[in-house]
Number of protein chains: 2
Amino acid sequence: MKVVHSAEVAAQPVTDEGARGATVRWLLSCPEGAPNFAMRLFELAPGGRTPLHRHPWEHEVYILQGTAEAVSESGPVEVTAGDAILVLPDERHQLRNAGDGAARFLCLIPLPEED
Amino acid sequence: MKVVHSAEVAAQPVTDEGARGATVRWLLSCPEGAPNFAMRLFELAPGGRTPLHRHPWEHEVYILQGTAEAVSESGPVEVTAGDAILVLPDERHQLRNAGDGAARFLCLIPLPEED
């Protein structure tokens, strides 16, 4: 069993094109021994956003704090703390902070299969 | 994209032997179209606990609220909101509420592979 205190994990800026005011902390992934999927903690400053993009793997998101817009092909949906979001593989998506304070969410992704 | 409001998902009692004062909400799993792993939200009443058990799949846990003891072969570790826990496959484990209020945590597990 490994315990990771999220405040002790370095917040790295999200540098993908289209991202703004976003950081990510990798809480549980390969270095911790996670076999199948990774847990990351994102924080969006006011006005912050993740990139509007798509990729062939899913996201499972849980909103921890704040208010955000979850954007997909069918437009934005407001989400707040306690909401879970499933982004399916190849769905275009984006999270935008829609509040005055920080927005924080977990975003889990599958890890690549080992050869 | 699917948005699930956790308060609108029914809390089911955890009936495994050894569980006490514990409920689970399945937020994202097969019915929502999750391809690889499932997100569940557990709540432990004061004095509540999950069973002390082991199984051949991992857990990725994130403490949302309260104080709990994460128990493994090497004893209990206190965890609070913001802590992440990786329980490896076949590790014996248990979560016990160690506070006066409810303890809430996410617990994600891999889904069985399709045949």
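Which residue of strand 3 of chain B stands opposite B:P13? I looked it up: B:T23.

**Ground rules.** I am working on a predicted model, where local features need pLDDT of at least 70, side-chain atom pairs count only at pLDDT 80 or more, and totals for chains, interfaces and linings use all residues. Residues are numbered from 1 along each chain as its sequence is written, chains are lettered from A and ligands numbered from 1 in the order in which they are written, and side-chain values use heavy atoms, with hydrogens and water left out.

**Strands within chain B.** I took strands as DSSP runs (E, at least two residues), numbered from the N terminus. I count two strands as paired if DSSP finds at least two bridges between them. Strand 2 (residues 12–13) runs antiparallel to strand 3 of chain B, with two bridges. These two strands of chain B make a hairpin, and six residues lie between them. In that turn B:G18 has a positive phi of about 100 degrees. I then followed strand 3 of chain B to strand 4 of chain B: antiparallel again, over seven bridges. One bridge there joins B:V24 to B:F42.

**The interface.** I defined contact as heavy atoms within 4.5 Å. By that rule, 41 residues of chain B meet 41 residues of chain A. Buried area, the accessible area (1.4 Å probe) lost on putting two parts together and summed over both, comes to about 3,300 Å². Carbon and sulfur atoms carry 66% of it. On the chain B side, B:M1, B:F37 and B:E60 lose the most area, together 25% of what that side buries.

I looked for salt bridges (a side-chain nitrogen of Lys or Arg within 4 Å of a carboxyl oxygen of Asp or Glu). The count between the chains is zero.

Strand 8 of chain B gives five residues to the side that touches chain A, the largest share. I sorted the residues of that side: 28 nonpolar, seven polar and six charged. Nonpolar here means Ala, Val, Leu, Ile, Met, Phe, Trp, Tyr, Cys and Pro; charged means Asp, Glu, Lys and Arg; the others, Gly among them, are polar.

**Across the chains.** Strand 1 (residues 2–5) of chain A pairs antiparallel with strand 8 of chain B over four bridges. A:V4 has B:A84 as its bridge partner.
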